[in-house]
Amino acid sequence: MITSTANKQLKYVSALMHRSKTRREEGLFVAEGARMCGEIPDDRLAMLYLSESYVKTREGKQFAQRAQRVEYVSDEVFRSLSDTQSPQGVLALVRQFQYGIDDVTEGGVAGKLTLLLILEHLQDPGNLGTMIRAGEGAGVTGILMDSGTADIYNPKVIRSTMGSILRVPFVYVEDLGGTLDLLKERGIRLYAAHLEGKNTYDREDYCGKTGFLIGNEANGLSDGISAKADGKVRIPMAGKVESLNAAMAASVLLFEAARQRRNKSDA
């Protein structure tokens, strides 16, 4: 049992939690909590850490039997390791995913018509995690991000996804503009969430191959990326509210697309 915070393994886990460079180099990320860890596919589970009190529970014993590599940690040390205020006693090292452009379009998602969420310079980990979770709920085929977007393997992102990170394909691209041109060549119509949108979001048709462009929380989309859109849409606001935050705006657009597609299939 690990009883010291100076343990090399725990220092390694801490580095994975706090340094994106370490995560990239090692090809691993950290997940916490019984629900999240319970959903990790066996082939992705690299290591499991259980607190001494949690392993005595029925659920903890089940985790211990499932994983090939398990380490037990004293409760006090586990609390210092955890990234949450109330740790549940289970933490996993998970092998990262590798996706390409084809994986986030219908070519990689059997039976699904393309529905993409495309992010430019999104910075807030909580927003990113919420978007991934909302995206799964709305039926996205994937998330596409530029290199300036937050690290999807940040523990705050992972926690906010509530497990959706394990099921929603995603890709980072260096040349977002060039990638958008490729998507348009594949027949994907792009809509930019924009305060200067000509139409309100519910006046457009999203029943074909669709991608929604969402920009930085403070500055929105850059002019160059906005210009790539086939249409700009706005979400009308009542009162003195000027706009929604990025995650809320993305959710509104995604679920409008889901509603339209659902209604069309029911017709």
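These questions and answers walk through a predicted model of one protein chain.

Me: How many helices and strands are in the protein chain?
Reply: This is a predicted model. Its protein chain holds both helices and strands. The counts are 11 helices and 11 strands.

Me: Why does the protein chain count as compact as a globular protein of its length?
Reply: The globule rule gives 18 Å for 267 residues. The radius of gyration of the chain is close to that, so the chain is as compact as a globular protein of that length. Along the principal axes, the C-alpha atoms fill a box of roughly 60 × 40 × 35 Å. The radius of gyration itself is 20 Å.

Me: What share of the residues in the protein chain is buried?
Reply: Buried means under 20% relative accessible area. The chain has 267 residues, and the buried ones make up 49%.

Me: How far apart are the mean positions of the positive and negative charges?
Reply: The chain carries 34 positive and 34 negative charges.

Me: Why is the pair of Phe29 and Tyr153 classed as it is?
Reply: The whole structure has 8 aromatic pairs. In this one, the ring centres are 4.8 Å apart and the planes meet at 25°. Planes under 30 degrees apart count as stacked. The angle falls under that cut-off, so the pair is stacked.

Me: How many residues apart are Phe29 and Tyr153?
Reply: Phe29 sits in strand β1 (residues 28-32). Tyr153 sits in the loop between β6 (142-146) and α8 (155-161). The pair links distant parts of the chain, with a separation of 124 residues.

Me: Are Phe29 and Tyr153 buried or exposed?
Reply: The cut-off for buried is under 20% relative accessible area. Phe29 has 0%, and Tyr153 has 6%. Both values fall under the cut-off, so Phe29 and Tyr153 are buried.

Me: Which parts of the chain does the pair of Tyr191 and Tyr206 tie together?
Reply: The two rings are 5.0 Å apart, centre to centre, with 85° between the planes, an edge-to-face pair. Tyr191 is buried at 2% relative accessible area, and Tyr206 is buried at 0%. Their places are 15 residues apart in sequence. The parts tied together are strand β8 (residues 189-193) and the loop between β9 (199-200) and β10 (210-214).

Me: Which residues form one aromatic cluster?
Reply: Phe29 and Tyr153, the stacked pair, belong to this cluster.

Me: What is the phi of His121?
Reply: Most residues other than glycine have a negative phi. His121 is in the loop between β5 (115-119) and α7 (125-138). His121 is partly exposed, with a relative accessible area of 39%. Its phi is positive, near 55°.

Me: Where is Met162?
Reply: Met162 is not a glycine, yet has a positive phi of about 55°. At 33% relative accessibility, Met162 counts as partly exposed. Its place is the loop between α8 and β7 (170-173).

Me: How far apart in space are Pro41 and Met248?
Reply: Pro41 is in the loop between α3 (34-38) and β2 (45-51). Pro41 and Met248 are 207 residues apart in sequence. In space, C-alpha to C-alpha, they are apart by 30 Å.

Methods:
Residues numbered from 1 in each chain as written. Predicted model: local features only at pLDDT ≥ 70, side-chain atom pairs only at ≥ 80, totals over all residues. Heavy atoms only, no water. Helix = DSSP H or I, 4+ residues; strand = E, 2+ residues; numbered from the N terminus. Rg over C-alpha atoms; globule rule 2.2 N^0.38 Å. Buried < 20%, exposed > 50% of the residue type's maximum accessible area, 1.4 Å probe, protein only. Lys, Arg positive; Asp, Glu negative; His and termini not counted. Charge placed at Lys NZ, Arg CZ, Asp CG, Glu CD. Phe/Tyr/Trp six-rings, centres within 6.5 Å; stacked < 30°, edge-to-face > 60°.
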